[in-house]
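Biologist: Please show me the model, and then let us go through a few of its parts by question and answer.

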Amino acid sequence: MNIGLFGGSFDPIHRGHLALAQAAASRYALEQVLFVAANVPPHKQKPPVTAFIHRYAMVALATQDERRFVPSLLEAPEWAGGANYSIDTVRRLKQTLKKSDRLFFLIGMDAFKDIANWREARALLGECDFIVASRPRYSLRDVAESLPEDLRPPAAVIRPFHKQPAKGDLVLPGVTLHLLEGIHQGVSATAIRAAAAQGKPLARWLDPRVADYIKKHGLYRGKRLDK
Ligand code: ATP
């Protein structure tokens with residue numbers, strides 16, 4: 001079976017995340033997409049993220065109606081102390097999978113462009129296929145140039161890629177990328193936190209159950225909003 005792993009801080013989970021997962025699940029016949037909220041996202045510790053339990057609860061609420069979407073505790077505090085690195089999570093998950101299962105790592109282009117700086121990036125890219133949600137302003141060259149140096153094709157090969165949109169499959173030794181185009185929605189968790197802090201309505205960006213949860217718990221009120 002095809003399984004997707006979609007990690008993030010999900011602070012909070014929003015329609016952009018859900019659109020990415022829906023598009024990936026449909027396009028690559030994913031029978032399950034695990035939404036893995038990181039207890040301690042390596043790159044997002046200032047200001048501290050909202051408590052894991054709230055972010056997990058919001059993921060559970062937002063994924064309730066979709067049979068294929070599973071809120072995952074893979075990076076819950078009970079499982080992993082310290083920062084959560086995707087390579088550790090992927091390895092841990094793969095130990096539980098069958099030989100016939102195929103794992104896909106879901107990621108937005110904004111996050112993918114930093115992938116070369118992730119812990120054991122080369123190993124991570126070799127562990128599973130990647131589904132990268134591209135955005136209109138990115139070319140195939142931007143995608144290729146985001147790869148760690150030793151996986152990147154020579155500059156002369158990727159230079160002409162700048163005229164090609166980031167779509168289709170990019171299969172290189174040690175890495176397989178599936179590029180999903182046109183699903184990025186103009187919403188970010190940062191903007192939602194800012195709106196919540198000002199008491200603005202959030203419904204257009206979020207599942208209404210998540211908006212309700214934020215309101216009931218007074219999340220994001222009076223917090224520092226810069227990153
Ligand atoms: P923040 O604004 O706090 O940085 P975020 O909205 O980018 O948060 P994350 O939880 O950091 O959300 O993102 C998890 C994953 O979802 C990343 O791979 C990111 O690229 C992707 N993603 C975030 N926003 C969108 C969006 N609007 N459309 C598609 N993918 C997105």
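Modeller: One definition comes before the rest: Ala, Val, Leu, Ile, Met, Phe, Trp, Tyr, Cys and Pro count as nonpolar, Asp, Glu, Lys and Arg as charged, and the others, Gly among them, as polar. Keep in mind that this is a predicted model.

Biologist: How do the residues of the lining of the second largest pocket divide into nonpolar, polar and charged?

Modeller: The second largest pocket holds about 220 Å³ of space. Its lining includes Pro201 and Leu202, as well as Gly199, Lys200 and Arg221. Sorted by kind, the lining residues come to seven nonpolar, two polar and three charged.

Biologist: Which helix gives the most to the lining of the second largest pocket?

Modeller: Among the lining residues are Ala211, Ile214 and Lys215. The helix that gives the most supplies three residues and spans 208-217. That is helix H9.

Biologist: Is Leu202 buried or exposed?

Modeller: Leu202 sits in the loop between helix H8 (189-197) and H9. Residues beyond four places away in sequence that Leu202 touches are Ile192, Ala195, Ala196, Ala211 and Ile214. The cut-off for buried is under 20% relative accessible area. Because the relative accessibility of Leu202 is 8%, Leu202 counts as buried.

Biologist: Which residue is joined to Asp129 by a polar contact between side chains?

Modeller: Asp129 belongs to strand E5 (residues 129-133). With 12% relative accessibility, Asp129 counts as buried. Its contacts beyond four places in sequence include Leu103, Phe104 and His178. The polar contact between side chains is 2.6 Å, and the partner of Asp129 is Arg102.

Biologist: What is the relative accessibility of His54?

Modeller: His54 lies in helix H2 (residues 52-62). Leaving aside neighbours within four places in sequence, His54 is in contact with Tyr213, His217 and Leu219. His54 counts as buried because its relative accessibility is 19%.

Biologist: Which residue with a positive phi follows H1?

Modeller: Helix H1 covers residues 15-27 and reaches 18 Å from its first C-alpha to its last, close to the 18 Å expected. Its buried residues include Gly16, His17 and Leu18. The residue that follows H1 has a phi near 50°, and that residue is Ala29.

Terms used. Residues numbered from 1 in each chain as written. Predicted model: local features only at pLDDT ≥ 70, side-chain atom pairs only at ≥ 80, totals over all residues. Heavy atoms only, no water. Helix = DSSP H or I, 4+ residues; strand = E, 2+ residues; numbered from the N terminus. Expected span 1.5 Å × (residues − 1). Buried < 20%, exposed > 50% of the residue type's maximum accessible area, 1.4 Å probe, protein only. 1 Å grid on protein atoms, 1.4 Å probe; cavity = no way out; pocket = protein on both sides within 12 Å on 5 of 7 lines; lining within 4 Å. Points joined across faces, edges and corners; volume = space filled by probe spheres on them. Contact = heavy atoms within 4.5 Å. Polar contact = N/O pair within 3.5 Å; in protein donor to acceptor, adjacent residues only side chain to side chain.
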